[in-house]
Amino acid sequence: MAAEHTGGGHSPLAQFEIHPLVPLKLGNYDITFTNSALMMLIAMLAITLFLTLGARRRALVPGRWQSMAELSYEFIANLLRDTVGNQGRRYFPFVFTLFMFVLFGNLLGLLPYSFTFTSHIIVTFVMALAIFIGVTILGFAKHGIHFFTFFVPPGVSPVMWPLLIPIEIISYLSRPVSLSVRLFANMLAGHTLLKVFAGFIPQLLGAGVALGITGILPFVFVVALTGLEFVIAFLQAYVFAILTCLYINDALHLH
Amino acid sequence: MNEDHEPASPSDFDKRLKQALARRGGGGSKPSDDSGGSPRSGLSIALRIGIELVAALMVGTGIGILLDRWLGTKPWLMVVFFILGSAAGLLNVMRVTKGMGGTVGYRAPRKAAPVNEDDDED
């Protein structure tokens, strides 16, 4: 009972630390290759292998691997068709890449001793910002100056415009924030929770036989949470993709 | 479709091919609302709402603080934009729950833009 507060000297947040692997410098910029970059590279390679090897056999009746690759294609293709319609097809590579990258980032992060790059706000925010800027440019390219009518709610008397237009603009600007914070917060919270509960197990075991038996409770909880985390990993990638589709749809057909 | 599981008779294949082409061709050019279809949508919407509310508030207050710093009107614009931000947050939540996606701008229910048919899409 007299044990320290920290179990093995491991903070639940230690898993999110960035470690430099290969220090690099490009001019004045620090482009050190970190564990985060390594995981991104691994995710990219894993996606490439998953899809190219899955598509290699080109069987008419797909095997397990091929049908997983086809399933992921179908999933995003249908998502795009349902939300954007037919014009959305040309944005498929973009949405598919995003979805797979986020999904693999989330899933690879669930492996023990790996690193979850989607649990860093800067990673998700850059992705969200790229989507935001891209979609805004798309809207301008498609509609020109007419794009600004986007911020004017139709069917509202002009008297209300000074009040409503700022609200609409704030609502529009909040998109990249909500998109990135959602993914980041879910990943961060989930992984911290897993670690905290896992940390209870050795602490209880170290506290003697009577209390050690209760160590089974956090263990059960960790197992359940791991299952939940798999669902969350998939769902967050799905939400990221569907919101990208919705934003593209908004930019293509204003109102 | 009607003659179920007659293994790949050629005419059946033609019919299914035509259907698939129609789906990806002209027929399917309507965007339906995001909340339909997918069985996971309930949970995915639930995950979106809370953050939707906070994000707009954060952005609004942030804009207020930056404008204050720029114009030197210390607390006032922050207060104004805090209120506008909370209004935007509520608006976002309203739109998500009504299945209108994360869209800015209302859409009159039957305004039918270039988009053909379809009922209450966002």
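**View 1. Chain B is built from three helices and zero strands.** Welcome to this predicted model. Read from the N terminus, the elements of chain B follow the order α-α-α. Chain B has 122 residues, and 25% of them are buried. If you take the contacts in chain B between residues at least 6 apart in sequence, 57% join residues at least 24 apart.

**View 2. Helix H3 of chain B, end to end, covers residues 76-97.** How far apart are the end C-alpha atoms of this helix? They are 32 Å apart, which agrees with the 32 Å that its 22 residues should span at 1.5 Å a residue. The buried residues of H3(B) are Met78(B), Phe81(B), Leu84(B), Gly85(B), Ala88(B), Gly89(B), Leu91(B), Asn92(B), Arg95(B) and Val96(B). Because they cover an arc of only 165° around the axis, they sit on the same side of H3(B). Turn to the other side of H3(B) and you will find Trp76(B), Val79(B) and Met94(B), which are exposed.

**View 3. The largest nonpolar core holds 57 residues.** Which of its residues touch the most other members? They are Phe99(A), Ala237(A), Phe240(A), Ala241(A), Ile242(A) and Cys245(A). Among the elements that give two or more residues to this core are helix H1 (35-56), helix H4 (121-143) and helix H5 (161-205) of chain A, along with helix H2 (41-71) and H3 of chain B. H7(A) provides the largest share of the core, 14 residues. As general background, nonpolar side chains tend to be buried together in soluble globular proteins.

**View 4. A closer look at Ala241(A), one of the residues that touch the most other members of the core.** Setting aside neighbours within four places in sequence, Ala241(A) is in contact with Ile76(A), Leu79(A), Val95(A), Leu98(A) and Phe99(A).

**View 5. Confidence along chain B, where the average pLDDT is 68.** In chain B, 53% of the residues score at least 70. Among its elements, H3(B) has the highest mean pLDDT (88), while helix H1 (residues 10-24) has the lowest (76). Over residues 26-39 of chain B the pLDDT stays under 50, and the model has 35 contacts beyond four places in sequence for this stretch. Residues 102-122 of chain B also have a pLDDT below 50, with 49 contacts in the model beyond near neighbours in sequence. Where pLDDT is low, the predicted coordinates should not be read in detail. For the model, the scores are ipTM 0.73 and pTM 0.78.

Terms used: Residues are numbered from 1 along each chain as its sequence is written. Chains are lettered from A and ligands numbered from 1 in the order in which they are written. This is a predicted model: local features need pLDDT of at least 70, side-chain atom pairs count only at pLDDT 80 or more; totals for chains, interfaces and linings use all residues. Helices (H or I, at least four residues) and strands (E, at least two) are DSSP runs, numbered from the N terminus. The expected span of a helix is 1.5 Å times one less than its number of residues. A residue is buried if 20 or more other C-beta atoms lie within 10 Å of its own, exposed if 12 or fewer, and partly exposed in between; C-beta atoms are placed from the backbone. The arc is that of the directions from the helix axis to the C-beta atoms. A nonpolar core is a set of buried Ala, Val, Leu, Ile, Met, Phe, Trp, Tyr and Cys residues joined through C-beta atoms within 7 Å. Two residues are in contact if their C-beta atoms, placed from the backbone, lie within 7 Å. pLDDT is the predictor's confidence in each residue, from 0 to 100.
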